Protein chains: 2
Amino acid sequence: MRDLTIPDSQGAAAETMAVRDFRPEAPPTGCMACGVRQLCLPAKLNASEIERFSAIVHRRGPFKRGDIVYAAGDPLDGLHVVQAGALKTHGVTGRGVEHVARFHLPGELAGTDAIHSGVHPWYTVALERTWLCAMSFEQLSNLAREVPPLGRALVRTLSRELSADEAALMTLGKMGASQRLTWFLNDLHTRYAKTLGSAEELHLPMTRADIASYLGMTTETVSRLLARLQSEGVIEFNGRSVRLSRAAFPAQRCL
Amino acid sequence: MRDLTIPDSQGAAAETMAVRDFRPEAPPTGCMACGVRQLCLPAKLNASEIERFSAIVHRRGPFKRGDIVYAAGDPLDGLHVVQAGALKTHGVTGRGVEHVARFHLPGELAGTDAIHSGVHPWYTVALERTWLCAMSFEQLSNLAREVPPLGRALVRTLSRELSADEAALMTLGKMGASQRLTWFLNDLHTRYAKTLGSAEELHLPMTRADIASYLGMTTETVSRLLARLQSEGVIEFNGRSVRLSRAAFPAQRCL
DNA sequence: CGATCGCTTGATTCATGTCAAGCTAGGTGG
DNA sequence: CCACCTAGCTTGACATGAATCAAGCGATCG
């Protein structure tokens with residue numbers, strides 16, 4: 001892990017946390033009690049297996065907005081699961097323009113794109129106050145050999161990321177700007193629902209610029225489209241909190 | 001595997017094969033002698049491990065243009081490595097429009113996006129006369145447990161696919177149409193070079209419509225841009241054969 | 001208290017999509 | 001073997017969605 005020297009669970013100062021945050025001040029109680037477990041690697045492990053997995057994981061945080069988890073070029077050391085908060089993975093063009101390739105929400109794994117080359121190809125940074133569960137890939141790999149269900153979970157997780165990326169490629173390639181945006185909102189809602197339950201109110205951890213970059217448009221267009229969707233009654237929003245009108249999101253098919 | 005009943009290595013009729021095809025009429029001689037091995041799963045296995053891997057693989061083909069390897073909704077049964085030829089993975093919108101998410105070239109693995117759900121999310125079809133190496137995911141998974149390097153190879157391969165998709169998301173999201181196209185040509189060239197060596201002439205296995213769909217533009221735009229790139233001296237092309245002017249593709253950075 | 005960042009809204013421009021037409025090559029049937 | 005037929009490709013004229021340029025506002029941070 002590069003020398004970030006982010007204080008591990010440092011003085012849990014009293015701060016108002018966004019609704020979406022998952023008991024962010026609680027010290028790690030181990031995977032057994034973790035709220036994102038059903039999405040995370042130990043999802044299908046039994047108690048003793050979880051115990052062993054838990055032993056190779058340590059909690060890191062809080063990362064704050066903008067803190068770097070991986071920089072492009074860093075050697076692969078550990079993978080991280082988002083326990084609370086959110087990350088983005090982005091590249092930077094020659095002239096300093098950044099482009100977001102994906103967001104990582106609670107329960108999702110980051111760093112996997114570095115496995116094959118041993119080097120992180122992009123930047124991964126925190127979008128808001130974030131806690132991560134770190135594990136050495138080396139140790140994970142070894143443990144997976146002894147605990148086959150863990151190996152299978154790793155493969156399944158990679159496959160899930162893969163098909164998520166493919167879905168994004170499908171949607172972002174063909175659809176118009178407005179459809180891309182509604183797809184995005186719906187996707188976020190679905191992913192949050194997996195760990196935090198389906199909430200009325202969706203809190204966006206990222207800026208308009210991040211959304212625009214991810215969806216391949218400009219911040220101006222995002223703003224305008226949000227305004228239009230609101231006027232059409234499809235959504236209601238206020239800053240970064242968005243309420244999706246269920247009527248207008250009819251089990252949205254992604255393609 | 002769904003009932004494709006594609007004749008296994010059926011009567012190797014004498015046919016003129018495209019330059020890119022990899023000894024397509026030769027019967028399978030096992031992974032040891034396979035030309036795409038260095039990219040394929042057994043890349044880093046020793047002779048006896050390759051032997052075991054080889055035993056769970058069987059060769060299928062020839063598939064011809066348009067033959068379906070996986071249909072959306074099919075249960076996961078086997079994974080396939082492209083030994084010769086090429087595949088595309090695409091979704092179909094409500095009104096029958098298709099969108100291509102990725103191409104699979106020799107040595108690349110297909111079907112992995114079905115692992116996590118057990119169901120293939122999209123269609124995967126042959127673009128040209130194609131041979132595949134099929135393996136049951138079940139058997140692969142079991143063998144990976146006994147042969148750890150194979151498990152690692154599987155994880156590495158998934159990671160490679162993942163970062164390829166991310167690179168595509170980066171490029172397709174931000175760049176203009178012309179840059180997307182040159183990125184695409186360069187990417188194809190690079191990938192072919194891994195198994196077949198760097199050739200002067202790049203043979204495109206897909207139609208303009210496939211390219212357009214993948215890059216998020218129209219066939220007309222692809223045509224026009226190819227014409228423009230040729231007039232600028234960046235490429236020379238004739239139908240589906242393209243020659244990249246090395247001078248104009250200066251170690252093209254993808255972002 | 002000022003400065004900066006994130007967001008919104010308006011006016012204008014331009015790249016790419018859409019519609020339309022014609023060309024070419026390869027495959028099929030007579 | 002020839003003649004048609006179709007799928008794939010190319011080119012042109014025109015329309016438009018989204019980018020760009022520009023301006024202003026509110027909240028947060030130092």
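**The surface near DNA strand D and a helix within it**

Modeller: The surface near DNA strand D receives at least two residues from each of four helices: H4 (177-196) and H6 of chain A, and H5 and H6 of chain B. Here helices (H or I, at least four residues) and strands (E, at least two) are DSSP runs, numbered from the N terminus. This is a predicted model, in which local features need pLDDT of at least 70 and side-chain atom pairs count only at pLDDT 80 or more, while totals for chains, interfaces and linings use all residues. Residues are numbered from 1 along each chain as its sequence is written, and chains are lettered from A and ligands numbered from 1 in the order in which they are written.

Around DNA strand D there are 17 residues, of which A:Gly176, A:Ala177, A:Met217, A:Thr221 and B:Thr207 come nearest; a residue is near a strand if its C-beta atom, placed from the backbone, lies within 6 Å of it. H6(B) gives the most to this surface, with 6 residues. By class, the surface near DNA strand D has 5 nonpolar, 7 polar and 5 charged residues. In this classification Ala, Val, Leu, Ile, Met, Phe, Trp, Tyr, Cys and Pro count as nonpolar, Asp, Glu, Lys and Arg as charged, and the others, Gly among them, as polar.

DNA strand C is likewise surrounded by 17 residues, the closest being A:Thr207, A:Arg208, B:Gly176, B:Met217 and B:Thr221. Two or more residues of that surface come from each of H5 (208-215) and H6 (219-231) of chain A and H4 and H6 of chain B. There, H6(A) has the largest share, 6 residues.

A residue is buried if 20 or more other C-beta atoms lie within 10 Å of its own, exposed if 12 or fewer, and partly exposed in between. The buried residues of H5(B) are B:Asp210, B:Ile211, B:Ala212, B:Ser213, B:Tyr214 and B:Leu215. Their cover includes, from chain B, strands S4 (87-92) and S5 (98-104) together with helices H3 (148-174), H4 (177-196) and H6 (219-231). After H5(B) comes B:Gly216, whose phi is positive, near 70°.

How does H5(B) meet H6(B)? Their axes come within 8 Å and cross at roughly 100°. Axes are lines fitted to C-alpha atoms, for helices over the stretch in contact, and angles run from 0 to 180 degrees between N-to-C directions. H5(B) and H6(B) are therefore roughly perpendicular to each other, since angles under 35 degrees count as roughly parallel, over 145 as roughly antiparallel, 65 to 115 as roughly perpendicular and the rest as oblique. H5(B) brings B:Arg208, B:Ala209, B:Ile211 and B:Ala212 to this contact, and H6(B) brings B:Thr219, B:Thr221, B:Val222 and B:Ser223; two residues are in contact if their C-beta atoms lie within 7 Å. The contact consists of 4 nonpolar, 3 polar and 1 charged residues.

The axes of H2(B), residues 137-146, and H3(B) come within 5 Å and cross at roughly 125°, which makes H2(B) oblique to H3(B). In this pair, B:Leu143, B:Ala144 and B:Arg145 of H2(B) meet B:Leu150, B:Gly151 and B:Leu154 of H3(B).
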